[in-house]
Amino acid sequence: MSENGSSEKKNVYGVVLAGGVGARMGNVEKPKQFMEIAGKPILVLVLEKFAVHPGFDQVLVLSPKQWIRYTKDLIQKYIPMKERIVVLEGGNTRNETIMNSIRYLEQQELLDEETVIVTHDSVRPFVTHRILEENIQAAQEYGACDTVIPATDTIVQSISHTVISDIPDRSVMYQGQTPQSFKAKKLKRVYESLTAQEKEILTDACKIFVIKGEEVRLVQGEVSNIKITYPYDLKVAESLIV
């Protein structure tokens, strides 16, 4: 909605990546995005942030096929602005999941050169309004951006995994978070230009741009914008809920 209450199209779409199964969380009955913090599923905490942000036309949730019905039930139960949320099937990899969201926009005739997608981990429930807003602005202006925080620990590189290969200058090191945001049509073009071998080694959407020499702008993240990966992270997240 605009300041005067109109509902003009913004051409900006939230894309919540809920396709993982959470293997590093240990022997759990459901993917980690469905585990609860303070009585709510982690995915719901993320969707609450996206659903209330006025900058999105829609929020797309990419879920494992076998969890689509469960995801829709959670949205029905918890999210008041559920009409803005669409649940789609994820892909076999993170980047294929993102491509599924772009294909959906294309099928709905919503994809043009200015269409922006704001992609976010379904297990980062503490993303802020500012981070979302700055991602939208940076993607619109520059075409691609990544949310990062400065590295606080010394980064040690070990190619052999047994001895140190290098200790890079910490002052130019950053820790990547999400959202990662893009002009969707450009992301699709660059991704489709990759070789099969290049696609296999990619675990990060921004690297699609980087290996092709395309600029990716930095957006300041927050230390609190943690990713819930291990059981310990659940305890930290509980302490951050106020």
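Mentor: The charged end of Lys199 sits over the ring of Tyr191, at 4.7 Å from the ring centre. A charge is said to sit over a ring if NZ of Lys or CZ of Arg is within 6 Å of the ring centre and within 35 degrees of the ring normal. Arg217 is placed in this way over the ring of Tyr142, with its charged end 3.9 Å from the centre. The model is predicted, so local features need pLDDT of at least 70 and side-chain atom pairs count only at pLDDT 80 or more, while totals for chains, interfaces and linings use all residues. Residues are numbered from 1 along each chain as its sequence is written, and side-chain values use heavy atoms, with hydrogens and water left out.

Rings also pair with rings. Two rings of Phe, Tyr or Trp (its six-membered ring) form a pair if their centres lie within 6.5 Å; planes under 30 degrees apart count as stacked, over 60 as edge-to-face and the rest as tilted. The count is five aromatic pairs. Phe50 and Phe56 are stacked because their ring centres lie 5.2 Å apart and their planes meet at 15 degrees. Phe50 is buried at 0% relative accessibility, and Phe56 is buried at 1%; buried means under 20% relative accessible area, exposed over 50%, and partly exposed in between (1.4 Å probe, protein chains only). Phe34, Trp67 and Tyr70 are joined by ring pairs into a cluster.

Let us turn to opposite charges. Side chains of opposite charge can pair when their charged atoms come close. A salt bridge is a side-chain nitrogen of Lys or Arg within 4 Å of a carboxyl oxygen of Asp or Glu, and the model has 14 salt bridges. One of them joins Glu106 to Lys188, with 3.9 Å from N to O. This pair links distant parts of the chain, as Glu106 belongs to helix H3 (residues 94-107) and Lys188 to helix H5 (residues 184-192), 82 residues apart. Helices (H or I, at least four residues) and strands (E, at least two) are DSSP runs, numbered from the N terminus. Glu106 is partly exposed at 39%, whereas Lys188 is buried at 16%.

Lys188 also forms a salt bridge with Glu192, the closest N and O atoms being 3.1 Å apart. Both residues lie in helix H5; they are four residues apart, so about one helical turn separates them. In helix H4 (residues 129-142), Arg130 and Glu134 are likewise four residues apart, about one helical turn, and their salt bridge has its closest N and O atoms 3.1 Å apart. Arg130 is partly exposed at 25%, and Glu134 is partly exposed at 30%. Elsewhere, salt bridges link Arg94, Asp121 and Arg124 in a network.

The structure holds zero disulfides, a disulfide being a pair of cysteine sulfur atoms within 2.5 Å. The sulfur of Cys145 has its closest cysteine sulfur in Cys206, 7.2 Å away, and therefore too far for a bond. Cys145 is buried, with a relative accessible area of 0%, and Cys206 is buried with 4%.
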